[in-house]
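Please keep the sequence and the structure in view while working through them.

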Amino acid sequence: MGSNYATRGIGFKKSVMSSEDIAEEIRTSFPGAEEVIVQYLAGYLVDDAGEEEDVLQVAHHILASLAGDRADVLEKLMTRLGDLLEEQLNARLKKRSGPQLLKLEKVMDMSKSQISNTIALSEGVDLESINKGKASRVDIKKLEKQEAKLRAKIEKRSKRDLYEGSKLLDAHRKQLLMLSTQQSYEEMFMKVRHLNLSDSWNNTDVLHKINPLETVSSKQKSKDIHLPSIDVSFGSNRILSGASLTLAHGRRYGLIGRNGVGKSTLLRHIAMREVPIPAHISILFVEQEASVLIVGDDTTALESVLKADVWRDHLLKEETLLNAKLTELEAEGDEKRFEDAREELSARLAEVHTRLSDMDAASGPARAAALLAGLGFTEADQSRPTKSFSGGWRMRLALARALFVKPSLLLLDEPSNHIDLNALAWLEDYLQTWPGTILVVSHDRAFLDAVATDIVHQHSARLDYYKGNFTQFYSTKSERDRNLQKEYETQMEYRQHLQAFIDRWRYNANRAAQAQMKIKILEKLPDLEPPEQEETETFKFPETEKISPPLLQMSDVTFGYSPEKVILKNIYFDVGLDSRIAMVGANGAGKSTLIKLLTGELNPKAGHVTRNGRLRMYVVVPLFRRLLISSLRNPSGYFAQHHVDSLVPTMTPVQFLASKFPGKTEQEYRSHLGNFQISGMTGMQLIGTLSGGQKSRVAFAVLSLQQPHILLLDEPTNHLDIEGLDALMVALQKWNGGVIVISHDERFITTVAKELWVCGDQTVTKFKGDVQAYKSLIVSNIKLRP
């Protein structure tokens, strides 16, 4: 086969063949062939094949899949292609027989070769002997300067590639959304969650027949994942290089790393099986934008969760169909053909019942309802259609569906970003008894302490593994870093000691031998790399001027969107410059409504809100609230509302600050952004290409220029990495203004707030206890529900 087709001439030859000529030949022989395959083969045969490839052999292999049992048609086409491509094939053969590059079988030390390596390899001019003995004229200082410039250029290019990568990510998300409308969830589920099902039943039904032997063999296979060397890229940016991915079944891994290091990209590669995960391991991925994949229709929330387990849904439908057919056959006579049909259907029904029993299908509605309740859905919410839920609630629905299915490997990307503290407390408790493997990206230290059994630190294109939760990881890593730094300093002192001895005595006749010995010791010491320094961040809010109290007060305030739906009733609330208040409570309890009443966006139905005439407030709300940036000055004061989505994507951070606060120089704007780690190229990059964490930093830079007296922060920790959270907490601790915060992050609340207030049952009351006590109370109350 292969190139032999080129020798079976039938007397026709073209001097130059185009890909369209080849495509037409393939279409003529196989009229029903897919155009994509035809175009690919035509281009491959004419232009794209590598020099070492047997093009006709490859083409024959691909065309065989189109030919099926029409071997004679395939042979004629291959003979025809051999004739048409004869001249190109002969030219390739001549080129292949010419001088070839030599592949060295081992490393060669060119400086120690007995003969000229230049001559040995190329049989040309002996460059080595020509230059031998000549002194180098290279200016070392200039060389080092050029190398530094080259390193800076490479670093700048890598940053640019990373920004370009963020654009690719947006394109990927749009493509993912488009694909989700073309490919049903059921089809996607069947691809990523294998149940080892064989051929379809009766050839006409879409339902599948179970092969018990395959199911048993799958259960016996190990669900551990160990990939010793994986590479992951994002655009032109290398995320991982030769990294080891090791996930033991039943362990819960917290994946941490700086913003932009590629954590979400790694999860996406695992979910799409772009790294070689064993096929019998089922995977489900709940990403930060999972709400776009929850179709809003008339399906209720409870039904949506039940339908998430596609195999359960299909088996229940098959059970109904089998029972209906058995009922029909019961009315027939006792003829042997009816008896045989009844036996076959009964046997099949028994298999379906066995499988449904294995997956505990009967408890499905109760389990789904419990999951939804834990995530904050009331009984009324569970009966509402999915189209009535906002993006944040659809995120919870996506999480409930994944928990209901119970895949072997559950991938979670910032699951706490769209749930309140109540739901987070339940989720932490629930995941502690998860039977499979979890890999979760989170910047919430308290969440990782409660859930993770292991920490995976992604940095420098590799993955480092630590036993224990985040607190244990931090302690272990800090101790290891200190030891590495101490070892590095000790070795550097030893090197300096050797070098000092050499410099002092190398030209002394009495000590020259000792100096030479020290030189040899120094040359044999390994090259040292300084330990990787942990990056730190700092945020800085300018101090605000003091104003006389009262600043902000609510007196006997009542509010509801209708007389029948009262949210807050008879509320008394006082905020001053020294206030550090955290608001907690279930979604819908009135936390955000309270913020809007304080700012004047909503007016109370009864009571009144008092604001100091000089008061400036700044409100930061999360992305999914979809509020636009606005500011107003009125007799009750000044405030602004902001979130990262309101930043103008076609502006740079510097341009955006200049548009909002004109009158400063570009350097002043850049210096201010630098206070929030938006420095260098980042300040001059379009906002639309920045990551979520970088956009949040820009938002806080805008915040600080407002010079507010009171900050009202609604979920400010979303999109910030752990280092960014630490910087924000320190800045708020040092700031001299008042702070009201709504957050699900336990550590953030504990560090920033002095008081904990609970919204619920139309009231706002001060909680006598810390965040941990509140979370324990929430979990206990949920477990007491019938």
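Q: Is the crossing of H12 and H17 left-handed or right-handed?
A: Helices (H or I, at least four residues) and strands (E, at least two) are DSSP runs that are numbered from the N terminus, and residues are numbered from 1 along each chain as its sequence is written, in what is a predicted model where local features need pLDDT of at least 70 and side-chain atom pairs count only at pLDDT 80 or more, while totals for chains, interfaces and linings use all residues. Side-chain values use heavy atoms, with hydrogens and water left out. A crossing is left-handed if the near helix is turned anticlockwise from the far one by less than a right angle, and right-handed if clockwise. By this rule, the crossing of H12 and H17 is right-handed.

Q: Which word describes how H12 and H17 stand to each other?
A: The axes of helix H12 (residues 301-308) and helix H17 (residues 391-405) come within 8 Å and cross at roughly 40°, where axes are lines fitted to C-alpha atoms, for helices over the stretch in contact, and angles run from 0 to 180 degrees between N-to-C directions. Angles under 35 degrees count as roughly parallel, over 145 as roughly antiparallel, 65 to 115 as roughly perpendicular and the rest as oblique. The two helices, H12 and H17, are therefore oblique.

Q: How many nonpolar, polar and charged residues has the contact of H12 with H17?
A: With contact meaning heavy atoms within 4.5 Å, Ala301, Ser304, Val305, Leu306 and Ala308 in H12 meet Leu397, Ala400, Arg401, Phe404 and Val405 in H17. Ala, Val, Leu, Ile, Met, Phe, Trp, Tyr, Cys and Pro count as nonpolar, Asp, Glu, Lys and Arg as charged, and the others, Gly among them, as polar. Sorted in this way, the contact of H12 with H17 has 8 nonpolar, 1 polar and 1 charged residues.

Q: Which strands stand at the edges of the open sheet with 3 strands?
A: The order of this sheet is E12-E11-E14, and the pairing is antiparallel. Each edge strand has a single partner strand, so one side of each is left without a neighbour in the sheet, and the strands in question are E12 and strand E14 (606-611).

Q: Which helix packs on the sheet, touching E11, E12 and E14?
A: Within this sheet, E11 and E12 pair in the antiparallel sense over 7 bridges, and Phe559 stands opposite Leu568 in E12. The helix that touches E11, E12 and E14 has a direction that makes about 120° with that of E11, and it is helix H22 (residues 591-599).

Q: Is Asn570 buried, exposed or partly exposed?
A: Asn570 lies in strand E12 (residues 565-575) and has a positive phi of about 55° although it is not a glycine. Most residues other than glycine have a negative phi, and most peptide bonds are trans. Buried means under 20% relative accessible area, exposed over 50% and partly exposed in between (1.4 Å probe, protein chains only). Because its relative accessibility is 40%, Asn570 counts as partly exposed.

Q: Which residues does a cis peptide bond join?
A: Pro550 has its place in the loop between helix H21 (512-524) and strand E11 (552-562). The cis peptide bond has an omega of about 0°, and the residues it joins are Pro549 and Pro550.

Q: How far apart in space are Ser776 and Trp426, C-alpha to C-alpha?
A: Ser776 lies in helix H28 (residues 771-784) and is partly exposed, with a relative accessible area of 37%. In sequence, Ser776 and Trp426 are 350 residues apart, whereas in space their C-alpha to C-alpha distance is 9.1 Å.

Definitions and conventions: Pairing = 2+ DSSP bridges.
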